[in-house]
Amino acid sequence: MQIALNSMPLEHIETEALAVIAYQADDPEQGLARPTTRRLDEATGGWLTDLYRSGELTGKANETLVLHRPPNLRAKRLVIVGGGKRERFGGMELRRAAGALARALRSRSIAQVALALEGSSAEVVAAAEGLILGDYEPDRYKTEKKNGKPLAEATLVVPSVDGEQQAALERARVVAETQNWVRDLVAEPANRMTPTLLAERAREMAAQFGLECDVLDSARMQQLGMGALLGVAQGSAEPPVLIVLRYQPQAAGEGRPHLGLIGKAVTFDSGGISLKPAENMDKMKYDMAGGAAVIGAMRVFAQLKPAIAVTALVPAVENMPGGRAQRPGDVVKTLSGKTVEVLNTDAEGRLIMADAMTYAQRSGCTHLVDAATLTGAIVVALGHVNAGAFGNDQALLDRVLAAARTAGEKLWPMPLDDEYKELLKSVVADMSNVGNRWAGAITAAMFLKEFADPLPWVHLDIAGTAWLEDSKPYLAKGPTGIPLRTLVQLVLEWR
Ligand code: BES
Ligand code: MN
Ligand code: ZN
């Protein structure tokens, strides 16, 4: 999609579709309160007021109205997008409205749009991201594309264009295009996205954008002593890898922060010997969504050049019940030296993450943030709306939560009291890889904490949010690319 800024008067814009936002309100005066919307109402001789009065235009969030041949405008169509209540209208709402607009146009095969904005660079970012993300369809393997034509050309119309807005648009474009790139990785079925293939994609990306990339193979992991990661991998014919990507800022040096981003990449999670039920097992191809988002974050950093060093560590394995698979009750030795009794082979994410986190510590990282589709329990706790955010350091946790808010991704803080550690006791080893029935997302995070301490660390459990079960007006069903924007926001604003 081509996307650009423009400051032409709305009446003069020649386009397939000119779009404005209306609010949901009791009277049209309030509903049409945005200056751009009011202006179009005036230009069209009160057309919008009439529509509002008739009840056809409601301003309800993400509702779209497509009207042909608007009077006195050069645009072929006028599209009015609902923004919801004016008091609640912010970045998240605009992002969704823009996404709904993109999807409404796509379903009608209208490939050109101009969206009227009030002008702030925050609006430019939200609108650009919303359009690009809304236009995405996971239809790579459909020989006949049935979801309309993608948007070819989008214009954001603002009162006047300045350098700050140009920079904001460029950043939003890189971020949202990369988020769609991440969604493509996550959508790939497990036969087309093995650990080896994921490493290839990371390597290609690193070469394209100029990042350092190391891929540790199983021989190297054996040498180092990554017994937990190797234990998970041994049931599969697909060899494991640890993908390491490095970004260095211009002004590197001693005492500067160095963030480690760890992303779970189980390219297929059958559960192993603790086999999952057949129903929905196909979904377990998205068990690499955390790893994909972390690789995507590096793709953004290579282009937008943040001020701090960032290393991505992505342990990639397939969790299968093959003849050499690890058994419930097996004891493995992690890279840290701690031993783990594997009571359930389906709690594999924490095992591979543990070794990657120790490796991050040894790589000189000063802070850690991880993203993982770690537990079904987080889905029970928070559903498909919020991802769970855990941490051992309030300052870093607050920073991540603030970044998520700015980026328009939903996180909810979860507790990590020491008492929960009790649940991971093992009779024969230092710890077990599972707790009991209760607080499953927390015991999983507690397990990771053992390998994060003493570094400040935040863990994002994205099992409920990495895959959208039903399409939304503003987003296709399938991979979401979460939490890419939070990671990007966190790092780009890091001082
Ligand atoms: N990959 C799953 C978690 C998951 C569940 C991701 C649903 C996406 C959607 C993880 O490896 C897993 O199997 N966790 C187990 C842990 C249990 C055995 C302690 C779970 O949540 O059931
Ligand atoms: Mn599992
Ligand atoms: Zn898993």
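Predicted model: local features only at pLDDT ≥ 70, side-chain atom pairs only at ≥ 80, totals over all residues.
## A tour of the metal and ligand sites

In sequence, the residues that donate to the zinc ion (ligand 3) follow the spacing K-x4-D-x17-D-x60-E.

**Stop one: the zinc ion.** Select ligand 3 and display the side chains of K264, D269, D287 and E348. These residues coordinate the zinc ion through K264 (NZ), D269 (OD), D287 (OD) and E348 (OE), at 2.0 to 2.4 Å. Why is the arrangement around the zinc ion octahedral? The six donor atoms subtend angles of 79 to 173 degrees, and therefore the arrangement counts as octahedral.

**Stop two: the manganese ion.** The manganese ion (ligand 2) and the zinc ion (ligand 3) lie 3.2 Å apart, and D269 coordinates both. Next, select D346 and E348. The protein donors of the manganese ion are D269 (OD), D346 (O), D346 (OD) and E348 (OE), at 2.1 to 2.2 Å. Along the chain, the donors of the manganese ion are spaced D-x76-D-x1-E. The arrangement here is irregular because the six donor atoms around the manganese ion subtend angles of 70 to 167 degrees.

**Stop three: ligand 1.** Now select ligand 1 and show the residues around it. How many residues surround ligand 1? There are 16, and the closest are K276, D287, D346, E348 and G376. Among these, D287 is also a donor to the zinc ion, and D346 is a donor to the manganese ion.

**Stop four: individual contacts.** Select K276 together with ligand 1. A polar side-chain atom of K276 is 2.8 Å from an oxygen atom of ligand 1. Move to E348, where a polar side-chain atom lies 2.9 Å from an oxygen atom of ligand 1. Then select T373 and display its backbone. A backbone N or O atom of T373 is found 3.4 Å from a nitrogen atom of ligand 1. Taken alone, ligand 1 exposes 520 Å², of which the protein buries 78%.

**Last stop: the pocket.** Which pocket does ligand 1 take up? The space that ligand 1 takes is the largest pocket.

Key:
Residues numbered from 1 in each chain as written. Chains lettered and ligands numbered in written order. Heavy atoms only, no water. Near = heavy atom within 4 Å. Polar contact = N/O pair within 3.5 Å; in protein donor to acceptor, adjacent residues only side chain to side chain. Areas by Shrake-Rupley, 256 points an atom, 1.4 Å probe, with all protein chains shown as cover. 1 Å grid on protein atoms, 1.4 Å probe; cavity = no way out; pocket = protein on both sides within 12 Å on 5 of 7 lines; lining within 4 Å. Sits in = over half its atoms within 2 Å of the grid points. Donors = N, O, S within 2.8 Å, 3.2 Å for Na, K, Ca; no water. Tetrahedral: all angles 85-135°; square planar, octahedral: opposite > 155°, others 65-115°.
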